[in-house]
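Thanks for coming. I will go through one structure today, a few residues at a time. Please look at the sequence and the model before I start.

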Amino acid sequence: PHLNGILGRTAGSVDGFSKYSPDMKAAGADGLVWNDETLATYLKKPRAVIKRTRMAFAGLKKDADLEAVIAYLRSFPE
């Protein structure tokens, strides 16, 4: 899915995107909303947040990298 406006968005909720894992959809239905904290946790270790994510990404190790990615994502409007 596109990442424009991800901060404040419910997980697994982009209209028209059909490839979310069932666990991502369930996390959104359970109230997971992307903010600085939830994104940092997810980007550090995705499977700690969404156990069966389809995202083939082990995570970012450095806090500076996490902060930079979140700042970058924040720069895009909805």
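One term to begin with: two residues are in contact when they have heavy atoms within 4.5 Å of each other. Keep in mind as well that this is a predicted model.

Let me start with Arg9, which sits in the segment before H1. Is Arg9 buried or exposed? Buried means under 20% relative accessible area. Arg9 has 13% relative accessibility, so it counts as buried. What does Arg9 touch, if we do not count residues up to four places away in sequence? The list is His2, Leu3, Asn4, Val14, Leu32, Val33 and Trp34. With His2 there is also a polar contact: the side chain of Arg9 reaches the backbone oxygen of His2 at 3.2 Å.

Next is Asp23, a residue of helix H1. Its relative accessible area is 18%, so Asp23 is buried. Setting aside neighbours within four places in sequence, Asp23 is in contact with Ile50, Lys51 and Arg52.

Now a residue on the other side of the cut-offs. Lys61 is in the loop between H3 and H4. Exposed means over 50%, and Lys61 has 65% relative accessibility, so it counts as exposed. Between Lys61 and Lys45 there are 8.6 Å in space, C-alpha to C-alpha, and the two are 16 residues apart in sequence.

On to helix H2, which covers residues 36-44. At its start, a side-chain oxygen of Asn35 comes to within 2.9 Å of the backbone nitrogen of Glu37. Which residues of H2 are buried? They are Thr38, Leu39, Tyr42 and Leu43. Among what covers them are helix H1 (22-29), helix H3 (46-49) and helix H4 (63-74).

Last, the empty space. Rolling a probe the size of a water molecule over the atoms shows where such space is left. In this model, the largest pocket holds about 410 Å³. Lining this pocket are 24 residues, and the closest to its centre are Pro1, Leu3, Met24, Tyr42 and Met55. H2 and H4 are the elements that give two or more residues to the lining. By type, the lining residues divide into 16 nonpolar, 5 polar and 3 charged.

Technical notes. Residues are numbered from 1 along each chain as its sequence is written. This is a predicted model: local features need pLDDT of at least 70, side-chain atom pairs count only at pLDDT 80 or more; totals for chains, interfaces and linings use all residues. Side-chain values use heavy atoms; hydrogens and water are left out. Buried means under 20% relative accessible area, exposed over 50%, partly exposed in between (1.4 Å probe, protein chains only). Helices (H or I, at least four residues) and strands (E, at least two) are DSSP runs, numbered from the N terminus. A polar contact is a pair of N or O atoms within 3.5 Å; within protein, one must be able to donate a hydrogen and the other to accept it, and residues adjacent in sequence count only if both atoms are side-chain atoms. On a 1 Å grid over the protein atoms alone, a cavity is a set of points where a 1.4 Å probe fits but cannot get out, and a pocket is an open set with protein on both sides within 12 Å along at least five of seven lines; lining residues have an atom within 4 Å of a point. Grid points are joined across faces, edges and corners, and a volume is the space filled by probe spheres set on the points. Ala, Val, Leu, Ile, Met, Phe, Trp, Tyr, Cys and Pro count as nonpolar, Asp, Glu, Lys and Arg as charged, and the others, Gly among them, as polar.
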